[in-house]
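Please keep the sequence and the three-dimensional view side by side while reading. The paragraphs below lead from one part of the chain to the next.

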Amino acid sequence: MPDRASVLDVVRAHPLCAETPLALLQQPVTPAPGVYVRSNFETPAAHADWSIVISGDVEHVTRVTLDALAAMPQHELLMTMECAGNGRLGMDPVPEGEPWQYGAVSTTRWRGVSLATLLAQAVPARTAVEVLACGADAGPRDDATGIVRFERALPLDVAMHPDTLVATHMDGDPLTADHGAPVRLVVPNWYGMASVKWLAGVQLLSAPYTGYFQQKRYVYDVDGDVRPVSRALVKSMIVSPMPQQTTTPQCTVRGWAWSGSGAITHVDVAVNSRWHRATLSAPASPYAWTPFSLEVALPTGNVMLRSRATDATGATQPEAIVWNRLGYGNNAVRAIPVLVRS
C-alpha cells in the first residue's frame, strides 16, 4: 500500500492534516490511502489493552475492551465524511484555521459496533441528554489553559442511532494510526469533527457540554453569535472536467452532491450563466454522495462551470459564501474554470 504522505495533499505535517487529491475524488469510493486526514493533536500510541470506558449519567460504569468489541455484532457503513473546514481557502478574508482547499472530503467503508450497543450495557439514566465522545489525543492550545483533550458531544438520539458506529476497520482493514486506530467514532450526516478518533471514553451527560471543542472550536461564529457545528450542509462538487482542464465542446460534466439533512433531490449545473438540470444516479448508500452528470455542448474558449445541489429539506447551496470567523461550513456554489477547444 502506498505511503499516505505520498498520496495525499499535505496541508500540515505535524499533526497530520492532508487532503484527498481531486484525481482520487473522481472515484465513487475513495481509495483507502487517499482518504483525507484531520488531526488536532499528535497521534496517541495504540496498545493491545486499549479500552473504552462508558461513564457519567449511567447505571453501570462499563469498560469495553477491543476483544469484547470484536465479539459483538458487526455493522458496515459506506459514508461520505467531510471536514467542517473544507473550502476555508475559498473565503475572503481567509479565516484562521487549517488552510483547506476542497479535498477534505472522502467516501469510504467503515466497520464496527453500533454505539447504542455499548450504551445499552451501561444503561443510560433518564436524565441523560448528550453523549460526550472523548479521544485519547490532547495538547496545548494558544487560547486555552493547560492541556486540552479532543472531546465532542452528540445529542442522545444521534448517539443512539444504530448507524452511529464505534469503528475498528476502514475499507476492510484495521484502522491505521492517522485514522484513529485502534477505535474511533463514526457519525453519519455530521461533519467529521463528530467522528472522534482514538476513542477512549464515552460519558453520558445530563446537561449540554460546554468544553473547548464545543464552544471555542468547531463553532459558527458570526459577529459573536456562536453555535456548534453539527450536520453537514448541502454541497456539491464537480470532479470532471477538473479545474483548468482542456476539454472538447461535447462534454459530460460529472460530480457528487451530499447533505447531512436529507437526500439530494436535484442538482443544477451552470455553463457560464445558463443553468441546466443534471441527471442524478442512485447513491451507493443512504450516507454516500449522490452522483450527478450532465451531457452538454460547451462553447469554445474559457468557460466557467458551477454546480448547485438541493436536498429533501429544500436547502440549496448559496450563491455567495457565508463567512464566519473560523471558516466552517463553506458550501457555496463554486466556479470551475475550463478551456474548451474544438
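Predicted model: local features only at pLDDT ≥ 70, side-chain atom pairs only at ≥ 80, totals over all residues.

Residues are numbered from 1 along each chain as its sequence is written, and side-chain values use heavy atoms, with hydrogens and water left out.

A nonpolar core is a set of buried Ala, Val, Leu, Ile, Met, Phe, Trp, Tyr and Cys residues joined through side-chain atoms within 4.5 Å, where buried means under 20% relative accessible area, exposed over 50%, and partly exposed in between (1.4 Å probe, protein chains only). The largest such core holds 45 residues, and the members that touch the most others are Leu69, Leu118, Val166, Leu185, Met193 and Leu199. Two or more residues come from each of several elements, including β3 (51-56), α4 (115-122), β7 (130-140), β8 (147-155) and β12 (199-205); helices (H or I, at least four residues) and strands (E, at least two) are DSSP runs, numbered from the N terminus. Apart from this core lies another, of 20 residues, among them Ile264, Ala309, Ile336 and Val340. In soluble globular proteins, nonpolar side chains tend to be buried together.

Met193, leaving aside its neighbours within four places in sequence, is in contact (heavy atoms within 4.5 Å) with Ala84, Phe150, Arg152, Tyr218, Val229 and Ser230. Leu118 belongs to the buried residues of α4, together with Leu115, Ala116, Leu119 and Ala122. Seen down the axis of α4, these buried residues fall within an arc of 160 degrees, so they line one face of the helix, the arc being that of the directions from the helix axis to the C-beta atoms. After α4 comes Val123, whose phi is positive, near 60 degrees.

Strand β17 is joined to β21 by 8 bridges, with Thr252 having Glu295 in β21 as its bridge partner.

Another open sheet, of 5 strands with mixed pairing, has the order β16-β23-β22-β18-β19. Its edges are β16 (246-247) and β19 (274-277), each with a single partner strand, so one side of each is left without a neighbour in the sheet. Strand β18 (residues 264-271) runs antiparallel to β19 and is joined to it by 4 bridges, Val269 having His276 as its partner in β19.

Strand β22 (residues 301-311) contains Arg306. Is Arg306 buried or exposed? At 19% relative accessibility, Arg306 counts as buried. Beyond its neighbours within four places in sequence, Arg306 is in contact with residues including Ile238, Asp268, Trp275, Glu319 and Arg334. With Glu319, the side chain of Arg306 makes a side-chain polar contact at 3.3 Å; a polar contact is a pair of N or O atoms within 3.5 Å, and within protein one must be able to donate a hydrogen and the other to accept it, while residues adjacent in sequence count only if both atoms are side-chain atoms.

How values were computed
Pairing = 2+ DSSP bridges.
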